[in-house]
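Have the structure open and follow along.

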Amino acid sequence: MESRSFPVINMELLEGSKRSDAMAVLRDACENWGFFELLNHGISHDLMNRVETVNKEHYRRFREQRFKEFAAKTLDSGENANADNLDWESTFFLRHLPTSNISQVPDLDEDCRSTMKEFALELEKLAERLLDLLCEDLGLEKGYLKRVFCGGSDGLPTFGTKVSNYPPCPKPELIKGLRAHTDAGGIILLFQDDKVSGLQLLKDGEWVDVPPMRHSIVVNIGDQLEVITNGKYKSVMHRVVAQTNGNRMSIASFYNPGSDAVIFPAPELVEKEAEEKKKETYPKFVFEDYMKLYVRQKFEAKEPRFEAMKTMDAVISSPLIPTA
């Protein structure tokens, strides 16, 4: 389905007389879409071009042949392939915070390592700027969301990048590019291919295309922000549809809470909703505990995960009972 006025925010408008209009688009996107696209976000086009170049070259040199071998084996299996548990993607991960692993990732040349380090620093700044814009929209104190994310023992968020390629698939009816899921973490910043589409989100029961736009950053809300906002913002199901033509590049960076940060609805928002006699409160839990459950249930609905975390909430909230 077409994009249906997919929310696009020109960040330059946040500095001028149209700021209130841009903030209104941001609010609608977070509450009703779970996704939005940023233009003029402050990351240079030159850097983004270099990121695209080094990653496409890396795929061609080190990952394309491996994927072809996987694809041939999968397609040869035909109907015996367990397509429900497969994704048509080639991917690797880079960790930036709390400690970087870029120097240890195999097959990356120095140009790729240095370019991705530079890109990660820019994305980190953009993520933190966005968190403050969300605080403004929510009526929370500036810096509140970053403090929650950095509330663990090391005082740092968890921040990493998933670098993916979605090569042409001769049988897209058999295998998804990436199965439908919500993202577990906080705020996700995606630099996607501007020529090959495939990313879709679920809105009002229909799959909607996320439009490829040159030099844009696509942002989506993760499960943790839904919890912190007590459901005011929504994480939404999204997927990648395999394409018969073109190799789609996807570089998704996840700015998440620290592993032992405690996540809970912002008290100010809960109090406001209590006055308005609105819904019950989301659970309180340690982010790492949520991730352990998410790993097993990534491609399932988020609501049972939230319910399961209510057990953790009871443990965290209960005072210790002294023993004799």
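In this predicted model, Lys 284 lies over the face of Phe 264, at 5.5 Å from the ring centre. There's another arrangement of this kind at Phe 299: the charged end of Arg 179 sits over that ring, 3.8 Å from its centre.

Now for rings meeting rings. A pair of aromatic rings is described by the distance of the centres and the angle of the planes. The count here comes to 10 aromatic pairs, and two of them are set out below.

| Ring pair | Centre to centre | Angle between planes | Geometry |
|---|---|---|---|
| Phe 6 and Trp 33 | 5.7 Å | 75° | edge-to-face |
| Phe 159 and Tyr 255 | 5.8 Å | 55° | tilted |

Why is the pair of Phe 6 and Trp 33 edge-to-face? The planes of the two rings stand at 75°, and the cut-off for that label is over 60 degrees. Phe 6 is in the segment before β1 (8-10), while Trp 33 belongs to helix α1 (residues 19-33), so this pair ties together parts that are 27 residues apart in sequence. Phe 6 and Trp 33 are both buried.

Elsewhere, ring pairs join Tyr 282, Phe 285, Tyr 290 and Phe 306 into a cluster.

Tyr 290 turns up again in helix α7 (residues 287-297), where the buried residues are Phe 287, Tyr 290, Leu 293, Tyr 294 and Gln 297. How are those buried residues of α7 arranged when seen down the axis? They fall within an arc of 125°, so they line one face of the helix. Over on the other side of α7, you'll find Lys 292, Val 295 and Arg 296 exposed.

On to the cores. The largest nonpolar core has 68 residues, and the members touching the most others are Phe 119, Leu 130 and Ile 187. Helix α3 (residues 110-138) supplies the largest share of this core, with 13 residues. Take Leu 130: neighbours within four places in sequence aside, its contacts are Met 11, Phe 36, Leu 38, Ile 187, Leu 189 and Val 219. Apart from this core lies another one, of 15 residues, including Leu 178, Leu 199, Val 208 and Val 240.

Is His 96 buried or exposed? At 10% relative accessibility, His 96 counts as buried, because the cut-off is under 20%. His 96 is part of strand β3 (residues 90-97), and its side chain makes a polar contact with the side chain of Thr 161 at 2.7 Å. Not counting residues up to four places away in sequence, His 96 touches Ile 102, Ala 120, Phe 159, Gly 160 and Thr 161. Phe 159 is the ring that pairs with Tyr 255.

His 238 sits in strand β10 (residues 238-240) and, at 6% relative accessibility, counts as buried. What does the side chain of His 238 reach? That would be the backbone oxygen of Val 236, at 3.0 Å. Beyond four places in sequence, the residues that His 238 touches include Phe 35, Arg 179, Asp 183, Leu 199, Trp 207 and Asn 220. Two of these have come up already: Arg 179 has its charged end over Phe 299, and Leu 199 is among the members of the 15-residue core.

Note on methods: Residues are numbered from 1 along each chain as its sequence is written. This is a predicted model: local features need pLDDT of at least 70, side-chain atom pairs count only at pLDDT 80 or more; totals for chains, interfaces and linings use all residues. Side-chain values use heavy atoms; hydrogens and water are left out. A nonpolar core is a set of buried Ala, Val, Leu, Ile, Met, Phe, Trp, Tyr and Cys residues joined through side-chain atoms within 4.5 Å. Buried means under 20% relative accessible area, exposed over 50%, partly exposed in between (1.4 Å probe, protein chains only). Helices (H or I, at least four residues) and strands (E, at least two) are DSSP runs, numbered from the N terminus. Contact means heavy atoms within 4.5 Å. The arc is that of the directions from the helix axis to the C-beta atoms. A polar contact is a pair of N or O atoms within 3.5 Å; within protein, one must be able to donate a hydrogen and the other to accept it, and residues adjacent in sequence count only if both atoms are side-chain atoms. Rings of Phe, Tyr and Trp (its six-membered ring) pair if their centres lie within 6.5 Å; planes under 30 degrees apart count as stacked, over 60 as edge-to-face and the rest as tilted. A charge sits over a ring if NZ of Lys or CZ of Arg is within 6 Å of the ring centre and within 35 degrees of the ring normal.
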